[in-house]
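Good morning. I have one structure to go through today, and I will keep it short. Please have a look at it first.

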Amino acid sequence: MELLPLDKPEFIRLAAQWLGREENYKWLDFGDGAQALSVVSLRIMSQRDLHVLRVFTPDDSDLPIGIVALSDIRRHSKTAGSLWMVLARKRYAGYAARAVSKLLTFGFGELGLQAVSAWTVESNVAGRRVLERLRFRYVGRQRRRHWIDGRAYDRLLYDLLAREHREIADEPALTAHAPPRAGRPRRGPPPLGAA
């Protein structure tokens, strides 16, 4: 598995495609509620020090299968206000925790972060499991904060300190994969949320 910077136009277009799907963006919030991210917005995000965006590949291919990010990075306070991740397809779910873990190692080690926050929608059981596997601690709840299909949900808040992080070992993913097919919607667990 590799984490690759979002510095190529084809990576930005691919990530924008994933983030443009309602089944993905309805679980996220980039500051104005759930909405699709455009190629231009993603390009701007990739150029700002406020975000670290990486596409990730499976063990045996160089084709990106998802995007993982730290956002709202505050270097003076050594924090990242949010962590988020989106998969190209459900079949890549076995790579989610490893990709996030590698990004956390980068954030804590290379960027010198001391704390990372994350949230997920209360009904996102898969997202909660990923956060718990990564040793994030549940720290609270924002009631009726996220809207999906006209229904209000709570957001569950988590954080992780640098001293609590242990990178997940590189082990083969438990899921099989094939190269993504253009135009096929991703079905499966929703992405981690973004604040």
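This is a predicted model: local features need pLDDT of at least 70, side-chain atom pairs count only at pLDDT 80 or more; totals for chains, interfaces and linings use all residues.

The protein chain has 195 residues, and 46% of them are buried. Its accessible surface is about 9600 Å², and carbon and sulfur atoms hold 47% of that.

Next, the secondary structure. The protein chain contains five helices and seven strands. If you read along the sequence, the order is β-α-α-α-β-β-β-α-β-α-β-β. As for contacts, take those in the protein chain with a separation of 6 or more: 67% of them join residues 24 or more positions apart.

Now the pair of helices. Helix α1 covers residues 9–19, and helix α3 covers residues 39–47. At what angle do α1 and α3 pack? The angle is about 120°, and the axes of the two helices are 9 Å apart. Angles from 65 to 115 degrees count as roughly perpendicular and those over 145 as roughly antiparallel, so α1 is oblique to α3. The crossing of α1 past α3 is right-handed.

Which residues meet there? From α1 come Ile12, Arg13, Ala15, Ala16 and Leu19. On the α3 side they meet Val39, Leu42, Arg43 and Ser46. Sorted by type, the residues of this contact between α1 and α3 are six nonpolar, one polar and two charged.

To go back over the pair: α1 and α3 pack at about 120°, cross in a right-handed way, and meet through residues that include six nonpolar ones. That is the end of my part.

Conventions. Residues are numbered from 1 along each chain as its sequence is written. Side-chain values use heavy atoms; hydrogens and water are left out. Axes are lines fitted to C-alpha atoms, for helices over the stretch in contact, and angles run from 0 to 180 degrees between N-to-C directions. Helices (H or I, at least four residues) and strands (E, at least two) are DSSP runs, numbered from the N terminus. Angles under 35 degrees count as roughly parallel, over 145 as roughly antiparallel, 65 to 115 as roughly perpendicular and the rest as oblique. A crossing is left-handed if the near helix is turned anticlockwise from the far one by less than a right angle, and right-handed if clockwise. Contact means heavy atoms within 4.5 Å. Ala, Val, Leu, Ile, Met, Phe, Trp, Tyr, Cys and Pro count as nonpolar, Asp, Glu, Lys and Arg as charged, and the others, Gly among them, as polar. Buried means under 20% relative accessible area, exposed over 50%, partly exposed in between (1.4 Å probe, protein chains only). Accessible areas come from the Shrake-Rupley method with a 1.4 Å probe; for residues, only the protein chains shown count as cover.
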